[in-house]
Amino acid sequence: GDSHEPEKVRDMILDRIGSLKRSGLDPELFEERARTSVGSYISIFDSPGSVAGSLISCHFKNTSLYDIIQLVGNPDIDAADSMLRDCFDPSQCSLSVITPTESGER
């Protein structure tokens with residue numbers, strides 16, 4: 001994303017990840033976000049274009065729209081917590097910063 005202080009944003013994200021690793025995921029917040037995700041996912045059915053795009057995406061992933069709704073609708077907080085601990089390693093973090101030239105040319 002855009003930021004005038006990218007290092008500060010990175011540090012805030014890494015601090016939050018560290019905090020979540022220490023305290024674990026909040027079960028109530030996790031369930032709330034799961035319900036929100038289900039609602040957002042269901043809303044794609046309001047648009048034929050969104051449905052078509054999702055069907056194509058699912059086809060190439062060898063899954064179906066209904067498999068995804070089952071996954072999103074039945075979240076496993078223990079699996080998510082384990083993934084948080086195993087996959088988010090601050091030593092593997094990278095930050096790319098694109099700064100404009102002084103003249104503003106590309």
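**Reading contacts and cores in a predicted model**

Me: How many salt bridges does the count come to?

Reply: The count comes to 2 salt bridges. The rule asks for a side-chain nitrogen of Lys or Arg within 4 Å of a carboxyl oxygen of Asp or Glu. Keep in mind that this is a predicted model, where local features need pLDDT of at least 70 and side-chain atom pairs count only at pLDDT 80 or more, while totals for chains, interfaces and linings use all residues. Numbering runs from 1 along each chain as its sequence is written, and side-chain values use heavy atoms, leaving out hydrogens and water.

Me: Which residue forms a salt bridge with Asp-81?

Reply: That's Arg-85, with the closest N and O atoms 3.1 Å apart. Both residues sit in helix α5 (residues 77-87), 4 residues apart, or about one turn of the helix. Helices here are DSSP runs (H or I, at least four residues), as strands are (E, at least two), numbered from the N terminus. The other bridge to look at joins the side chains of Arg-10 and Asp-11, at 3.1 Å from N to O.

Me: Is Asp-81 buried or exposed?

Reply: The general idea is relative accessible area: under 20% is buried, over 50% is exposed, and in between is partly exposed (1.4 Å probe, protein chains only). Asp-81 counts as buried because its relative accessibility is 17%.

Me: Which residues make up the largest nonpolar core?

Reply: In soluble globular proteins, nonpolar side chains tend to be buried together. A nonpolar core is a set of buried Ala, Val, Leu, Ile, Met, Phe, Trp, Tyr and Cys residues joined through side-chain atoms within 4.5 Å. The largest one has 5 residues: Tyr-41, Ile-44, Val-51, Cys-58 and Leu-65. Contact means heavy atoms within 4.5 Å, and Cys-58 touches Thr-63, Ser-64, Leu-65 and Ile-68, leaving aside residues up to four places away in sequence.

Me: How many aromatic pairs does a search of the whole structure find?

Reply: Rings of Phe, Tyr and Trp (its six-membered ring) pair if their centres lie within 6.5 Å; planes under 30 degrees apart are stacked, over 60 edge-to-face, and the rest tilted. The search finds 1 pair. Tyr-41 and Phe-45 form it edge-to-face, 6.4 Å centre to centre with 85 degrees between the planes. Tyr-41 is buried at 14%, whereas Phe-45 is partly exposed at 38%.

Me: Which residues form a nonpolar patch on the surface?

Reply: Patches use residues with over 30% relative accessible area and no salt bridge, joining like charges within 9 Å and nonpolar side chains (Val, Leu, Ile, Met, Phe, Trp, Tyr) within 5 Å. Ile-42, Phe-45 and Tyr-66 form this one, with about 340 Å² of accessible area together. Areas come from the Shrake-Rupley method with a 1.4 Å probe, and for residues only the protein chains shown count as cover. Tyr-66 lies in helix α4 (residues 65-73) and is exposed at 60%.

Me: What does Leu-84 touch, not counting residues up to four places away in sequence?

Reply: Leu-84 touches Ile-17, Leu-20, Lys-21 and Leu-25. Leu-84 is in helix α5 and is buried, at 9%. Leu-84 and Leu-20 are 64 residues apart in sequence, yet 8.2 Å apart in space, C-alpha to C-alpha.
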